[in-house]
Amino acid sequence: MTATAPAQTPLHQPALHESGLKHTTGEARYVDDLPAPAGLLVGQVVVSPHARAKILRRDGAKARAVPGVHAVYFAEDVPGLNDVGPVVHDEPLFATSEVQFLGQSVALVVGESYEACRAGVKAVEVDYQPLPAILTIEAAESAGAWLSEPHVMERGDVALGLRSAALRFSGEVRTGAQDHFYLETQVTLALPEEGGSLRLLSSTQHPSEVQAIVAHVLHLGRHQVTVEVPRMGGGFGGKETQAAPFAAMAALAALKLQRPVKVWLNRDQDMVQTGKRHPFRCRFEAGFSPDGALLALDAFLVADGGFSTDLSKAILDRGMFHSDNAYFLPNVRLKGLVAKTNLPSNTAFRGFGGPQGMALIEDVMSRAAERLGLDPAKVRARNFYGPAPRNVTPYHQEVKDCRIERVWQELLASSDYAARRAAVDAFNRGSPWLKRGLAITPVKFGISFTTSFLNQAGAYVVLYADGTAQLNHGGTEMGQGLHTKMLAIAAHELGIAPERIRAMTTATDKVPNTSATAASSGSDLNGQAVKQACETLRQRLTPVAAQLLQVSEAEVTFAQGRVFSSARPEVAVPFEKVTQEAYLKQVSLSAAGYYRTPDISYDRAKGRGKPFHYFAYGAAVSEVELSGLTGEHRLRRVDILHDVGASLVPTIDLGQVEGGFIQGLGWLTCEEVLFDDKGFLRTHSPDTYKIPAFGDAPADFRVKLLEGAPQPDVIHGSKAVGEPPLMLALSAVAALRHAVGSFGRAGAEVELSMPCTPEAVLRAVERARAS
């Protein structure tokens, strides 16, 4: 038996997650796992008990007298700017004259223990005068409470398209909030250093933003604030901007007390005090031809931003950008606004508005198919992007290298969709109360930050004389496998094993001015920067190696821990001999890399541009079974084919596709965020907020990556994978519509609200039976 030859490169090969074993054994350290430094104090936040109220009086005297309490800080104790808004300064660190949501921070109590701090929190005196609160999108619309100006995208003649349509209908699509429910809640440990400087160990997706906000809160230069991210126990967008307030509180106390201070939230506190995925209310009018071609769409999208701007404008924009999903809209008008409500400021969440926009158009497609009596799969395919002129988005970007048709056809065949759809219909005819549904839906997701200047990244790679390396880059590791991919890239470029490279803690003193690890761009941006840094080092080493090998520089090859002649591979030396020789010859063994995404821009005022570098594609077939007596439902089988280009590390990408689908399934079927009429979050812990469990995963889960599909102009032909798979779960909603519809008459539109909880499904079944 011939042994399999080792791969020439770790790129495009399966690999374990670089911290996978550490996660399972407990060796992996998160911020709260780090040994407590001498003199550590902890902080607890005093929060508003009202959704909206005037603050009449604040007094921390009694709290300061509580044994173990060292300090109580209010807004007037902030030496710099009392604001942590990432884009617009409309989010005070501590409220002063008015609170705008239940859970808003008013003060920080710092003490020897959490027990002492909790006693101190109870002793802080704050007098409030409750004011009327806006708690829904409808109330915000009625009051004219907005956080944005209208954003409009338009192409074609919508009025003419609607008038010429054989089928014309209107409706409303609502999508709910979703809690990030990362395993590690918000936490920062602030350490005072000499000269009034600070080092923060923070669970954040955006260390540079935490650095900037802490600096302006404390009236410091950014050079005096270093932020490190050991790793995160999940982020999903919830730590892109909303880690900053708690980091600023810890930093404020550490600077004033000159002692280490940790601010950590427990699960209930985290869920009450932080924002969620934006709920959207979308109203539309659509026109279709008899064979299911979409002729016109006029839609108005409103996102619930909560009390402050945060990233809501960009999230609304992406929701509008993805209101086409994979479909060419010949006549379209999209209008969007962000509503202001007295709820926690909603924020980034995996997909960043894209899922809400796709939910709108998928609902429109499903309704049209139901009204026309057509297989929804055929209606969807009828409207895909294609060759010119069917290749221009509502924001006038040309869709190039569109792979949706290939993905669709391959998945229809591999999933045996047609035969299974017929089998499901036959089953339903013979089963009065247990029904099944089968559906296929596509995904087209734009990759890049839509705020163009954020599309940049840096890296810093250090080689040692013994041939080992340290890798620094601006991305943060939150379990998604970014470090694993960066190690593969660096190992490939340097020609050494990944085990010879150590991925270092992400830190602002190593790689400055970084963008958030978000927008599915972590590998695209940081990978290119890592590649450039390693190429620089290889170029420096090449003359040294050529001299050692006595060959021309053009022949020098780096691979598998060896440096050899491409013409005569037997002429070789170990990599470490080259690095040792380079050190002796006084050749620099460290290099920085930098990358910016080319040729992307968007003019929001005109509603046109090229906001995305490329698009990722995918499709999913979901089969469900539901009870018409209880509304309970389960996934019987899911087939997914997803386009990740030439996968950098296939095992990592498969995990992202599987996890993204399940998280999307949670948003769409079981995770229901509920506030009462006082603005109190009723679903603030796992006993009332249900994320998917093992039993909610499909019994038969088949996931494949599209083969032979490298993406030009992206790091080693790969494509982003973080966010797009979440929207594959829309296939489960479409399948539920199929099952619910089987209770009613043919040609009737299914009325199913999201999330499709058992209660929502049961109400839909009752409406279908009455149709």
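Visitor: How many of the 771 residues of the protein chain count as buried?

Guide: In this predicted model, 60% of the 771 residues count as buried. The label applies to a residue with under 20% relative accessible area.

Visitor: What makes F321 count as buried?

Guide: The cut-off for buried is under 20% relative accessible area. F321 has 1% relative accessibility, so F321 counts as buried.

Visitor: Where is F321 placed, and in which helix?

Guide: F321 lies in helix 9, which covers residues 312–321. The protein chain has 19 helices and 29 strands.

Visitor: Which residues does F321 touch?

Guide: Leaving out residues up to four places away in sequence, F321 touches M153, Y395, T450, Y602, P611 and F612. A touch here means heavy atoms within 4.5 Å.

Visitor: Why does the radius of gyration of the protein chain agree with a compact globule?

Guide: For 771 residues, a compact globule would have a radius of gyration near 28 Å. The protein chain has 27 Å, so the value agrees with a compact globule. Its C-alpha atoms fill a box of roughly 80 × 80 × 50 Å along the principal axes.

Visitor: What share of the contacts with a separation of 6 or more comes from residues 24 or more positions apart?

Guide: Such residues account for 80% of those contacts in the protein chain.

How values were computed:
Residues are numbered from 1 along each chain as its sequence is written. This is a predicted model: local features need pLDDT of at least 70, side-chain atom pairs count only at pLDDT 80 or more; totals for chains, interfaces and linings use all residues. Side-chain values use heavy atoms; hydrogens and water are left out. Helices (H or I, at least four residues) and strands (E, at least two) are DSSP runs, numbered from the N terminus. The radius of gyration is taken over C-alpha atoms; the globule rule is 2.2 Å times the number of residues to the power 0.38. Buried means under 20% relative accessible area, exposed over 50%, partly exposed in between (1.4 Å probe, protein chains only).
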